[in-house]
Amino acid sequence: MKQRSCKTYQSRTAVACILILLLVGSASFAGCTGVTTQAGTEATPTLTQAQSRTPLVIYAAASLTGASPVLKQAFEKAYPQYDVSFDLDGTQMLTQKIEQGAEADVFLSASTRYTDRLKSGGYLENSTVKKFASNYIIIILPKANTAKIESAADLDHTSLRIAMGTEEVPVGINTRQAIDKMANTSYGPSWKEGLYSNVVTYETTEPGVVTKVNLGEVDAGFVYESSYKAAKAGTLKAIVIPKDQNSLQTYTVGILAKTGEKEGASRFLEFLTSADGQKILADFGFASA
Amino acid sequence: MDLSRIFASIRGAWKTPGTLAVVFGIALVGAVCFYLFAPIIALFFRTSPALFLTSLKNPVVIESLKLSLITSAAATLIAVAVGTPAAYLHSRHRYPGKEIVDVIIDLPLILPPAVAGVALLMLWGRMGLLGRYLNLLGFHVAFTTLAVVMAQLFVASPLYIRQAKELISHLDRSYEQTARTLGASTGTVFLRIVVPLIGGGLISAGITTFARALGEFGATIMFAGNLSGVTQTMPLAIYSAMQGDFETAISISIILVIISIAIMAAVRLITRRGEIHA
Amino acid sequence: MLNAGFSLPLRDFILEVKVDARPGEIAVFMGENGAGKTTALHCIAGLCTPERGSISLGSKLFFDSASGFHLPPEERQVGYVFQNAAVFPHMTVAGNVEFGLRNRRLEESVVEKRATEWMEIMEISDLRDIKASHLSGGQKQRVALARALAIEPRILMLDEPFNGLDGRSQENVDLHIRQSTKKLSIPCLLVTHRRDDAYRVADHIYRFVQGKVLREVDGVCIPPGNKMYPTRHADTIEPGHRC
């Protein structure tokens, strides 16, 4: 018995050692990558001077994920007294969070529907609300494109797998509108029917669609052009939907009624609509409003 | 009443360590209960019985309830059928690498479900290590109802195997050994001695496994996707409904709460019966 | 006739067993807890495997390390009563007694006849439909005995059968063991740590001391002969040593 427990003890220690090594290994790996990114941001001398910076919380639609760090960097460079943090989520989720009393300063919405809801609910400074960008729907394909999709017309082929947003999220609403227009103008109702029967997942966030296409788990997905632009070059292929058959999503920005940092919020708003801000948004595939 | 007397009695109570301990104890337990139970109560305040009953007719609710019950039951059955003999063989034998097997069994329990989902895709997905060969054979796993069961099984079965291991390790070996000397094969010993003796424990382990499978979200949405009637289980339906139809989200949540309470009551009942037996 | 000579490394010492027992004879294994008595029974029953040596019962070979032969326990047909009786609590008394018979796929009429017979011998017929978990210690002991004997074993092995029994039950068990081993004409191995029990029932006694086994005759340890034991053991225990 004792022999057995001794043996057990030894192998247990061995397993523990392996695990600790793994942990330390992964931590140092993460540490290394962390250092490089930090070095990048800390290169800006103005940042180190600002001892206590005012926090600025920005609720932004998930489709702004790619643009958000660049916006943050550029804004903080111009206004070093602010410490911008982005909370990125589906616009509908952000709307609900605000309605449930979440505290934020600026709301960047991918859907006028939800902006209007917050406006009528008195959650926004209604006079500050304005359009700042727009976005079109695009069809993305995995780089390998094993399904050999050449155009939107192919999307009704049997045994394809398609991902799109649910009908509650803005990208899902725009996707449906675009599909309706394409069906009405060129491809017909049976194409639409075939396309929908190929849908294997209705994602609750836009990045969910991108990931599944990226992994090659689905053959095609519907996302905003900005998401395609934000993706690492060469990882995705795209089929552009003509503007007349597309659905335009308008992005709006507004200052929250309950903000404690009105000055910083309005500075961010100005920055977003300035030439600098618009340039960044354009780089990430957003059209001007 | 005389105010100074009340004050004195409070002071007296404060001075008696027993009373103080009782008051402190009640306050502490009360705080814990409030923190854990109040959110669940709050769920019921956001809806009315009428609204709840209407949303029960909502096809999204019905479809997700049906799918959840079927897939969780399937995952539980597989976990029980495969996990019980595996736990038995594992617990009753010494073999090289046994400790590593223990770690492997426990790993999914501490793994974030989203990681589990990505990991399953990397193995069974269309571009996955195994999935790519299955794909050549025309067999798709990801984004099917099977994928839901697989995700639930991956996340929930360790819970079952762990409990089964625990039960077996506490079972006196002399029952099995006696049965062997009485001419029973390993299989007979397992089915006629081990399973009946720890049956109550196995059932409650199965029920908690079912509950875990029922609540699975992260791995499912990653590996199986979100398609009503095919892969949209109740937790996924809640999350999807949260994007717009708040009422439906609350209704499904309430159904899950009711199922959870029923599950806990069942476990209590079974373990209590088991205690009398032992 | 049981012939067992084997060795097995245990926690603190190497267990070296050399025992024999004739049909109808009760050999008692006596010694402190942890001296290796139960392990020796386990090895004979096939529940654990010795490192080297051989075990045979009459012409039936159970174990032989030289040829790597190990007969699985279910084929050895040994009647083994564990220390706690190990009566299956989820079965009735009859279910317990019939368990071994059913495993041998005997005809239902034979199963019932033999079970009934042994329940009568052990005076547990009244209890036949009672769940075994409701029995007293003495009753459990008798059920375990009936169950072990019903398979008509080649050898009967009992581990501390008198533990927790009152005087009357003890006499009862005594009597049953003696009668049954005579009736079936099989050797019996009985493990106990209590001197009184040992002297009362034993035809001969094996004393287990730190893994070494000494045969005791008239209260005196007989030193192991050269052919049975490695010489170093003979060195550690003097001839004529009082047990």
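Two strands are said to pair if DSSP finds at least two bridges between them. In this predicted model, strand 4 of chain A, which covers residues 130-135, meets that condition with strand 10 of chain A, since five bridges join the two in the antiparallel sense. Within this pairing, Asn135(A) stands opposite Gln249(A) of strand 10.

Strand 10 of chain A, residues 249-255, also has strand 3 of chain A, residues 106-109, as a partner, and here the pairing is again antiparallel, over four bridges. In this second pairing Ser109(A) stands opposite Thr252(A) of strand 10. Strands of a sheet pair in this way through backbone hydrogen bonds, and the pairing may be either parallel or antiparallel.

Are the residues of strand 10 of chain A buried or exposed? Seven of the seven residues are buried, and the strand is mostly covered. In a regular strand the side chains alternate between the two faces of the sheet. For strand 10 of chain A, Gln249(A), Tyr251(A), Val253(A) and Ile255(A) point one way, while Thr250(A), Thr252(A) and Gly254(A) point the other way, and all of them are buried.

Chain A also contains an open sheet of five strands, in the order 7-6-8-5-9, with mixed pairing. Strand 7 (199-203) and strand 9 (236-240) of chain A stand at its edges, and because each has a single partner strand, one side of each is left without a neighbour in the sheet. Neighbouring strands of this sheet are turned against each other by 30° on average, direction ignored. Strand 6 of chain A, residues 162-165, runs parallel to strand 7 of chain A and is joined to it by four bridges; in this pairing Ala163(A) has Thr201(A) of strand 7 as its bridge partner.

Helices of chain A lie against these strands. Helix 6 of chain A, residues 170-187, packs on the sheet and touches strand 5 (137-142), strand 6, strand 7 and strand 8 (220-224) of chain A, with its direction making about 115° with that of strand 8. Helix 7 of chain A, residues 189-197, lies across strand 6, strand 7 and strand 8 of chain A, and runs at about 75° to strand 7.

Finally, a word on confidence is needed. The model scores ipTM 0.85 and pTM 0.75. Chain C averages a pLDDT of 85, and 89% of its residues score at least 70. Over residues 224-243 of chain C, however, the pLDDT is below 50, although this stretch has 25 contacts in the model beyond near neighbours in sequence. Where pLDDT is low, the predicted coordinates should not be read in detail.

Terms used
Residues are numbered from 1 along each chain as its sequence is written. Chains are lettered from A and ligands numbered from 1 in the order in which they are written. This is a predicted model: local features need pLDDT of at least 70, side-chain atom pairs count only at pLDDT 80 or more; totals for chains, interfaces and linings use all residues. Side-chain values use heavy atoms; hydrogens and water are left out. pLDDT is the predictor's confidence in each residue, from 0 to 100. Contact means heavy atoms within 4.5 Å. Axes are lines fitted to C-alpha atoms, for helices over the stretch in contact, and angles run from 0 to 180 degrees between N-to-C directions. Buried means under 20% relative accessible area, exposed over 50%, partly exposed in between (1.4 Å probe, protein chains only).
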